[in-house]
Amino acid sequence: MEDEVWEKTPEDIQDKKKRFGTLQHWIKIRKKRIERLKSKLGELKEERREWEKERTQLYKELHSFQTNYIPSVSPTQQSSNNYQWSLNVDLGNIKRKVYLGSDENVRYKVDEILQVAKYGPRVNDWKDNLSDECREDIRRIITNNLMKEMEKDNDMVIKKWRDNKLKFWDFLK
């Protein structure tokens, strides 16, 4: 626009033209910034996808290790005709419920191991307040001893478990 025409243009139109030019400049700058941020966002998303793949792979490996090499032992007390203890054991992808012993024998053995007279003979008193504590002590003792045995020869323990030749009373020591 020529200077003469520009000077004769009303001031509010001149202000609008200046504002239009300023906005056009800032829009151009903002578009470039948005493109850079989109590019950076794409890079960050790709990095996150790679991390997720690695995390999934590690999870599978850790889950496989836990399933095959870390036993899960859950003692249960049953009150059928005679009071007895059983174990729900998950080891090497095999789950079984195995007999541990009579209530009296198991409680005596746990007292002997812990060197206390805490649980004693409580036949026909299987709902006493100490059953949960006794259950936790049994779980801890058997799990620790089983893990020690697995550290020595994991394959042998797994093989005995698969062949149903693992005696859990032996781990209550």
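# Questions on a predicted model

Me: What share of the contacts in the chain with a separation of 6 or more joins residues 24 or more positions apart?

Reply: In this predicted model, residues 24 or more positions apart account for 48% of those contacts.

Me: What makes up the secondary structure of the chain, and in which order?

Reply: There are four helices and three strands. Read along the sequence, they follow the pattern α-α-β-β-β-α-α.

Me: How many of the residues count as buried, and what is the cut-off?

Reply: Of the 173 residues, 27% count as buried, the condition being under 20% relative accessible area. The accessible surface of the chain comes to about 12,900 Å², and carbon and sulfur atoms hold 50% of that.

Me: Why is V89 called buried?

Reply: V89 has a relative accessible area of 2%. The cut-off is under 20%, so V89 counts as buried. V89 lies in strand β2. Leaving aside neighbours within four places in sequence, V89 is in contact with S72, I94, K95, R96, V98, W161 and F168. The C-alpha atoms of V89 and S72 are separated by 5.6 Å, although the two are 17 residues apart along the chain.

Me: Is W85 buried or exposed, and how do you know?

Reply: The relative accessibility of W85 is 0%, so W85 counts as buried. W85 also has its place in strand β2. From W85 to R107 there are 22 residues in sequence and 9.5 Å in space, C-alpha to C-alpha.

Me: What makes R140 partly exposed?

Reply: R140 has 33% relative accessibility. Buried means under 20% and exposed over 50%, so R140, in between, counts as partly exposed. R140 belongs to helix α4. R140 and V73 are 67 residues apart in sequence, and their C-alpha atoms are 8.5 Å apart in space.

Me: Which residues touch the most other members of the largest nonpolar core, and which elements give two or more residues to this core?

Reply: Of the 23 residues in this core, L87, L100, I138, I142 and F168 touch the most other members. The elements giving two or more residues are β2 (83-91), β3 (94-102), α3 (103-114) and α4 (131-162). The largest share, nine residues, comes from α4. In soluble globular proteins, nonpolar side chains tend to be buried together.

Me: Which residues does L87 touch, not counting those up to four places away in sequence?

Reply: L87 touches V73, S74, P75, R96, K97, V98, L100, I138, I142 and F168.

Me: What makes the phi of N164 worth a remark?

Reply: N164 has a positive phi of about 60 degrees although it is not a glycine. Most residues other than glycine have a negative phi. N164 is found in the segment after α4.

Me: How many charges does the chain hold, and how far apart are their mean positions?

Reply: The mean positions of the 38 positive and 32 negative charges are 3 Å apart.

Methods: Residues numbered from 1 in each chain as written. Predicted model: local features only at pLDDT ≥ 70, side-chain atom pairs only at ≥ 80, totals over all residues. Heavy atoms only, no water. Core = buried A, V, L, I, M, F, W, Y, C linked by side-chain atoms within 4.5 Å. Buried < 20%, exposed > 50% of the residue type's maximum accessible area, 1.4 Å probe, protein only. Contact = heavy atoms within 4.5 Å. Areas by Shrake-Rupley, 256 points an atom, 1.4 Å probe, with all protein chains shown as cover. Lys, Arg positive; Asp, Glu negative; His and termini not counted. Charge placed at Lys NZ, Arg CZ, Asp CG, Glu CD.
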